[in-house]
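Reader: Hi! I'd like to walk through this one with you before I set anything up. Could you show it to me?

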Amino acid sequence: MSDLLANLNSPQLQAVTLPPVHALILAGAGSGKTRVLTTRIAWLISTNQVGPHGVLAVTFTNKAAKEMTARLSSLVPINVRGMWIGTFHGLCNRLLRAHFREAGLPQTFQILDSADQLAMVKRLLKNLNIDDEKYPPRELCHFINAHKEQGVRAAQAEAYDNYTQKRVEIYAEYENQCNREGVCDFAELLLRCYELLQRNEPLRAHYQQRFRQILVDEFQDTNVLQYRWLKLLAGGGAHIFAVGDDDQSIYRFRGAEVGNMREFERDYAGANVIRLEQNYRSHGNILAAANAIIKNNRERLGKNLWTDAGDGEPIRAFEAYSDLDEARFIVEEIRELVRDGISPTQIAILYRSNAQSRVLEHELFTKGVPYKVYGGLRFFERQEVKHALAYLRLLGNQDDDTAFLRVVNFPTRGIGARSLENLQATAHQINSSLYNAAASLTGKAGQTVGAFVRLIETLRQETANLPLPEIIEHVVEKSGLAQHYRVEKEGQERLENLDELINAAATFVDDEGAIGEGGALASFLAHASLEAGEHQAGEGQEAVQLMSVHAAKGLEFDVVFISGLEQGLFPHENSVNEGKEGLEEERRLMYVAVTRARQRLYVSCAQTRMLHGQTRYCMPSSFLDEIPEGLMRKLNKKAESAPAVPAFGSFGGGYAEPAAGGLRVGQTVEHAKFGLGVIVSSEGRGADARVQVNFGGAGMKWLALEYAKLTPV
Ligand code: ATP
Ligand code: MG
């Protein structure tokens, strides 16, 4: 506790120690928003203003949630296990698991990821005999998700024309199908959780009483439904502490509403708004480039970022002949940096589109540089892993048609397309799951499908009492998956991935400790869906970090490469075609990318690039022109060797917080003139005793206890 507040500047300190009020911390990149949010949780807990139990904190990724929990346990001596810190999806999943009955879900309900969702929509179109060229499945997924993210069910969806009318009908069919199978897509997790809390008074009251302090990171990217969810939970008098940066709003395409920030100020009239303007992350040149870029956006709430870190190195710009050439340059630079002592984990390569990673990966691999990809080809999305998960899903929930179809004939069991069509027609007729409909099949189809159903039954009985890793091992072996890959030509890597799945389960059991409602298997499957992409192989190995700009939000690295800065790629042509709003969103993305760098930033582009199997001739990105010339150094092909980048200094310093005059630090007090406040620190004794109080809107004050009338609240 004593060091808790030591490493904060004055507005940060003010934000952290605000009395229990609603607050909005509106600040630019790298100004300490996440640090403030984490420290505030620690502060609230260590000054007994709330128990760990009463905190709900929403982060942007599961990775961020983990980091926050780790940080928290280093700041306060509490058991952080079981605290409600996570993503919107993760938290909603948890709540729905605990109250599956009230939510109208099977205990072991499964989560559909975007690929599953797409498969389900395709299947529906087929069943309903709808032309998938006229109604492209991907667009339908988008249509459905966009409605859910606005909190709109099919029954309430408006149709202006016949075409939309049809889409609404498909949406309704999709809802039925999900309900029948007992599965939820990502957007459904939130919507269902929201509806549950809205309609179930006692449950709502319970959680409203429980969560007294609600904290939200990356608030600028909340969508309409997420914001309503927060408001609902805070409806019993809890306080919302939101931090965000309108310049980093990059999920408009998923319904994020920067307007939520303005609305928040309005809804919680008098919400304290604190601005943090000092950037601690980046050297001056990098920050100047970021500021120069974002200045071109018109829709801004307006902020001014500065740093006292000094200019640092110039931004290194490289124009390559081709994408391959660009990759070679980047990897060559990385090897030099690593030779100079930079840790590979402190080096990130960012790209606008996941497809760009392949060339980079190839080059890294060829040169023997360990790397890790976030997003893109995800562990939990690999074919063999999804097959294994499908078997596991069926153990928990036989009605999961998506899982059923994935493995009913994998490994092959002689079940033909005709049999499956029959099965689907039967299921449709008797309105049951495929699994249950299997019993009605006759002839050869009845036999082969029946054998599959019996296999699942046997697996279920055999694994009933096994620990999670053994369940997976057993299923992988007895389902025939392992054997299938053993004889497959390139099956070795797939077998290794299946082993890795068992490892992942073992780690999961160790990490989670107490397993939630629904048992270890259900929790693990939910984890697999939610955390896809964050568990790359080679855990623990020092590796260069590859990710899309979207995935880099909130993170920081000593050295950052932004690759593929070409017109059409970054800014992306799809967004540019949307006009000004699209371009501004791309520019925010660029701003996010630039502000990830602490000490050194590289920007590169290529004159030609292979995209979707074709060579494209590219123009350098207009964003490169927005960086003032004076900040950049153009590199030619023979890059000079780079000097070592010094490591970022660690923090020190102590902080004393004695109790004074019967009052203690952390206590909420009332002052006749300044109103409610919280004691932040104190000094002196007896007649000299003074306390520092944070009065929120009225600011931070030092008050002599002898004169100031402070009433404990
Ligand atoms: P982003 O907008 O990218 O999410 P942020 O505003 O959340 O950034 P943080 O990640 O919290 O910023 O902080 C950026 C960096 O600055 C971190 O390394 C953090 O530890 C450091 N930092 C923040 N505040 C201070 C401070 N008062 N003194 C020293 N370092 C600080
Ligand atoms: Mg942050």
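Reader: Let's start with strand β19 and β20: in which sense do they pair, and over how many bridges?

Author: β19 (residues 690-694) pairs with β20 in the antiparallel sense, over 5 bridges. Strands here are DSSP runs of E with at least two residues, helices are runs of H or I with at least four, and both are numbered from the N terminus. Two strands count as paired if DSSP finds at least two bridges between them. As for the ground rules, this is a predicted model, where local features need pLDDT of at least 70 and side-chain atom pairs count only at pLDDT 80 or more, while totals for chains, interfaces and linings use all residues. Residues are numbered from 1 along each chain as its sequence is written, chains are lettered from A and ligands numbered from 1 in the order in which they are written, and side-chain values use heavy atoms, with hydrogens and water left out.

Reader: Thanks! Which residue in β20 is the bridge partner of V693?

Author: That is K701.

Reader: And what is the strand order in that open sheet of 5 strands?

Author: The order is β20-β19-β18-β17-β21, and the pairing is antiparallel. β20 (700-704) and β21 (710-712) each have a single partner strand, so one side of each is left without a neighbour in the sheet. From one strand to the next, the twist averages 45°; the axes are lines fitted to C-alpha atoms (for helices over the stretch in contact), with angles from 0 to 180 degrees between N-to-C directions.

Reader: What about the open sheet with 6 strands?

Author: That one has parallel pairing, in the order β3-β2-β6-β7-β1-β8. At its edges are β3 (84-86) and β8 (272-276), each pairing on one side only. Here the twist averages 10° from one strand to the next. Inside the sheet, β2 (residues 55-58) and β6 (residues 213-216) pair over 4 bridges in the parallel sense, and V55 has Q213 as its bridge partner in β6.

Reader: Okay, ligand time. How many residues surround ligand 1, and which are closest?

Author: 20 residues surround ligand 1, and the closest are K33, T34, Q248, E556 and R596. A residue is near the ligand if one of its heavy atoms lies within 4 Å. By class, the shell has 4 nonpolar, 10 polar and 6 charged residues. In that scheme Ala, Val, Leu, Ile, Met, Phe, Trp, Tyr, Cys and Pro are nonpolar, Asp, Glu, Lys and Arg are charged, and the others, Gly among them, are polar.

Reader: Which helix gives the most to that shell?

Author: Helix α2 (residues 33-46), with 3 residues.

Reader: Last topic: where are the cis peptide bonds from F410 and F570?

Author: F410 to P411 is cis, with omega near -5°, and P411 lies in the loop between α16 (401-407) and α17 (417-430). F570 and P571 are also joined by a cis bond, with omega about 10°, and P571 is in the loop between β13 (557-562) and α24 (573-577).
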